[in-house]
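Reader: Please show me the model, and then I will ask about it.

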Amino acid sequence: MKRYLTLWNVLGLLLLLVGVAVYLASSPARQSGVVNLPTEQVEPEVPREVELRLYFAKNDATGFLIEKRKVTLAPGESAYQRALDELAAGPTQGAAPIVPSGFPAPTVFVRGTTAYVDLPERYGRLGYGTTGETLLVYGMAYTVLDQGPVEEVRFLYRGQPAATLGHLSLLEPIRRAR
């Protein structure tokens, strides 16, 4: 008669149980990917004029050209959001746009020193190469970082934390140079 309770069977069963426990502990269904965003931002209740620094691509796609625009913010309007709206509208001084024509501007939420840029669904189908994706993400991040005291920018896609945009990893926040 065969023995089922051998040392190797017991070790194999123990290894299987440890593997199942590790899998269940690290399962994405058990981890919360939710980022709690503020429901409202506190902005001044009077119109104010600000100078926005917008990062557009050089025509040869080797870096950025900064375009400065003076705009008047409406009462309660965020400089971060207005900057991304202006970025989506495109350049006026000879640089190349980084946001595809007709694409909506992402939404920006700020919590503490972190800005969250929520990319709409259309950004998942850009069709850009690595250079275009890098210029888009870093151009948006640098534009947001130049508008106020935020120290880092994290990207969301349709309200959820974004791991990638095409070929580009978005796992780490983009921070100010020190």
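Author: Contact here means heavy atoms within 4.5 Å. The model is predicted, so local features need pLDDT of at least 70 and side-chain atom pairs count only at pLDDT 80 or more, while totals for chains, interfaces and linings use all residues. Residues are numbered from 1 along each chain as its sequence is written, and side-chain values use heavy atoms, with hydrogens and water left out.

Reader: Which residues does Glu 67 touch, not counting residues up to four places away in sequence?

Author: Glu 67 lies in strand S2, where strands (E, at least two residues) are DSSP runs numbered from the N terminus, as are helices (H or I, at least four). With those sequence neighbours left out, Glu 67 touches Leu 52, Arg 53, Leu 54, Phe 56, Pro 91, Thr 92 and Gln 93.

Reader: Is Glu 67 buried or exposed?

Author: Buried means under 20% relative accessible area, exposed over 50%, partly exposed in between (1.4 Å probe, protein chains only). Glu 67 has a relative accessible area of 3%, so Glu 67 is buried.

Reader: How many bridges join strand S1 to strand S2?

Author: Two strands pair if DSSP finds at least two bridges between them. S1 (residues 48-57) and S2 (residues 64-73) run antiparallel, and Phe 56 stands opposite Leu 65 in S2. The number of bridges joining the two strands is 10.

Reader: What is the phi of Ala 61 in the turn?

Author: S1 and S2 form a hairpin, with six residues between them. Ala 61 is in the turn, and its phi is positive, at about 60°.

Reader: Why does Val 22 count as exposed?

Author: Val 22 is placed in helix H1 (residues 7-26). Val 22 counts as exposed because its relative accessibility is 53%.
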